[in-house]
Amino acid sequence: MKAEKADVSAVERQAHWQNVYQTKGERDVSWFEESPAISLELIRATGVGLDASIVDVGGGASRLVDTLVGEGFHSITVLDLSEKALTTSRQRLGAYADQISWIVADVTAWQPTQTFDLWHDRAAFHFLTEPRDRAAYAANVRHAVRPGGHVIIGTFALDGPERCSGLPVARHDAASIGQVLGQSFKLVETRRHDHETPSGVIQRFQFSRFQLADA
């Protein structure tokens, strides 16, 4: 794992992402995906049923929630720092938005009030460049995921970009994420993924799927 030395506070992160979504359209950000194929493949690979409770951390304006609703999942929470990003998703979903729980929060300061069968995070964890923020994130994963539950985390790979949206990132592989989560989480699989941005740039990602040991 490689990261630039930087200390970005939760307040600064929230202000940054709110500004990004206020000044850029949904398709103008580098992480835009018309269809979040790899996330969907990994979610399906867990075998969770349509009644599973799912939290999409850093979901923002992602279209993952659209597909999950379309497939019949009905217990979905989307958490993001940017209220504007969540508003974009709510407007896009229309009447279906009322079926979703929307939370504006920094995942490192969030206090989950329920537990989940599946925790999904595409490209939020790698913005946590400080060990204390990664520790707070992991503490929330352990608190929020039910025994036997699943965790899917996608980040820039070790040979991926060192910055994104003007911020430094911490690049990861499955081992570095597992070390943060702790020994209770068993690595099930990891995949490489080349994401093509709307401008045609290739960004190298890794996605790792873990399962929490049964109580």
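**Note on the packing and salt bridges of a predicted model**

1. In helix α2 (residues 37–46), the residues I38, S39, L40, L42, I43 and T46 are buried, where buried stands for under 20% relative accessible area, exposed for over 50%, and partly exposed for what lies in between (1.4 Å probe, protein chains only). Helices (H or I, at least four residues) and strands (E, at least two) are DSSP runs, numbered from the N terminus. The buried residues of α2 pack against α3 (64–71), β4 (116–122), β5, β8 and β9, and the helix is followed by G47, whose phi is positive, near 80°. An α-helix has 3.6 residues a turn, so residues three or four places apart point the same way.

2. As to the basis of this note, the model is predicted, so that local features need pLDDT of at least 70 and side-chain atom pairs count only at pLDDT 80 or more, whereas totals for chains, interfaces and linings use all residues. Residues are numbered from 1 along each chain as its sequence is written, and side-chain values use heavy atoms, with hydrogens and water left out.

3. The largest nonpolar core has 29 residues, of which V65, L68, I76, V78, I100 and W102 touch the most other members; such a core is a set of buried Ala, Val, Leu, Ile, Met, Phe, Trp, Tyr and Cys residues joined through side-chain atoms within 4.5 Å. At least two residues of this core come from each of α2, α3, β2 (75–80), α4 (83–93), β3 (100–104), β5 and β9. V65, once its neighbours within four places in sequence are set aside, is in contact (heavy atoms within 4.5 Å) with I76, V78, R92, L93, I100 and W102. A second, separate core of 21 residues includes V107, L128, Y137 and A144. In soluble globular proteins, nonpolar side chains tend to be buried together.

4. Strands β2 and β3 run parallel and are joined by five bridges, two strands being taken as paired if DSSP finds at least two bridges between them. Within this pairing, I76 has I100 in β3 as its bridge partner. Together with α4, the strands β2 and β3 make a right-handed β-α-β unit, right-handed meaning that, with the strands pointing away from the viewer, the path from the first strand over the helix to the second runs clockwise.

5. The model holds 10 salt bridges, each defined as a side-chain nitrogen of Lys or Arg within 4 Å of a carboxyl oxygen of Asp or Glu. In one of them the side chains of R192 and D159 meet at 2.9 Å, N to O. This pair links distant parts of the chain, 33 residues apart, since R192 belongs to strand β8 (residues 185–196) and D159 to the loop between β5 (145–156) and β6 (163–164). R192 counts as exposed at 51% relative accessibility, while D159, with a relative accessible area of 42%, is partly exposed.

6. A network of salt bridges links E41, E189, R191 and R209. Within it, R191 bridges to E189 with the closest N and O atoms 2.9 Å apart, and E189 bridges to R209 with the corresponding atoms 2.8 Å apart. Because E189 lies in strand β8 and R209 in strand β9 (residues 202–212), the pair ties together parts that are 20 residues apart in sequence. E189 and R209 are both buried, whereas R191 is partly exposed, with a relative accessible area of 25%.

7. Strand β1 (residues 53–57) contains S53, a residue that is buried, with a relative accessible area of 3%. Not counting residues up to four places away in sequence, S53 touches S75, Q114, T115, F116, D117, L118 and R146.

8. A123 is not a glycine, yet has a positive phi of about 75°; A123 lies in the loop between β4 and α5 (131–144) and is buried, its relative accessible area being 15%. S165, also other than glycine, has a positive phi near 55° and is found in the loop between β6 and β7 (167–168), where S165 counts as partly exposed at 25% relative accessibility.

9. Finally, R132 has its place in helix α5 and is exposed, with a relative accessible area of 52%. R132 and T108 are 24 residues apart in sequence, and their C-alpha atoms are 9.0 Å apart in space.
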